[in-house]
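Reader: Hi! I'm new to this one, could you walk me through it?

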Amino acid sequence: ELAEALREARQALEDLELVERQKEMKQKVPVTVLTGFLGAGKTTLLNYILKARHGFRYAVIENEVGQIGIDNQLLHRSTMQRTSESV
């Protein structure tokens, strides 16, 4: 009985720690630099990040150099809150 109670207490503690980590992650905004050669899959990954329902907050800083702004078009079509600044 004591061993079972210890297992249950350990599991409850792990569950609480998981909830705390999830709360921390929702407060932080992770940063990922997305770069690569033409055809490397940057637009595919950006499209996934914008459309996936992962529950995380994120920021996208775009520096599109090409003549046709494909990634820029994806960002404008997304339903997320936007702030735009040209430098």
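**A first look together**

Reader: Thanks! Let's begin with Arg7: how exposed is Arg7?
Author: Arg7 counts as partly exposed, at 49% relative accessibility. Keep in mind that this is a predicted model.

Reader: Got it. Which side chain does Arg7 meet in a salt bridge?
Author: That would be Glu4: the side chains of Glu4 and Arg7 form a salt bridge, 3.2 Å from N to O. Glu4 is partly exposed too, with 38% relative accessibility.

Reader: Why do charged side chains pair up at all?
Author: Side chains of opposite charge can pair when their charged atoms come close.

Reader: Nice. How many salt bridges are there in total?
Author: The count comes to 2 salt bridges.

Reader: How far apart are Lys23 and Glu20 in helix H1?
Author: They are 3 residues apart, so the separation is about one helical turn. Lys23 is partly exposed at 47% relative accessibility, and Glu20 is partly exposed at 44%.

Reader: Switching topic: what's the overall secondary structure?
Author: The chain has 3 helices and 0 strands. Read from the N terminus, the order of elements is α-α-α.

Reader: How much of the chain is buried?
Author: Of the 87 residues in the chain, 7% are buried. The accessible surface of the chain is about 8,300 Å², and carbon and sulfur atoms account for 56% of that.

Reader: Which residues form a nonpolar patch on the surface?
Author: Leu34, Leu45 and Tyr48 do, and together they have about 290 Å² of accessible area.

Reader: Tell me about Tyr48. Is Tyr48 buried or exposed?
Author: Tyr48 has a relative accessible area of 54%, so Tyr48 is exposed. As for its place in the chain, Tyr48 belongs to helix H2, residues 42-51.

Reader: Last one: among contacts with a separation of 6 or more, what share comes from residues 24 or more positions apart?
Author: Those residues account for 51% of such contacts in the chain.

How values were computed: Residues numbered from 1 in each chain as written. Predicted model: local features only at pLDDT ≥ 70, side-chain atom pairs only at ≥ 80, totals over all residues. Heavy atoms only, no water. Patch = residues over 30% accessible without salt bridge, like charges linked within 9 Å, V, L, I, M, F, W, Y side chains within 5 Å. Areas by Shrake-Rupley, 256 points an atom, 1.4 Å probe, with all protein chains shown as cover. Salt bridge = Lys/Arg side-chain N within 4 Å of Asp/Glu carboxyl O. Helix = DSSP H or I, 4+ residues; strand = E, 2+ residues; numbered from the N terminus. Buried < 20%, exposed > 50% of the residue type's maximum accessible area, 1.4 Å probe, protein only. Contact = heavy atoms within 4.5 Å.
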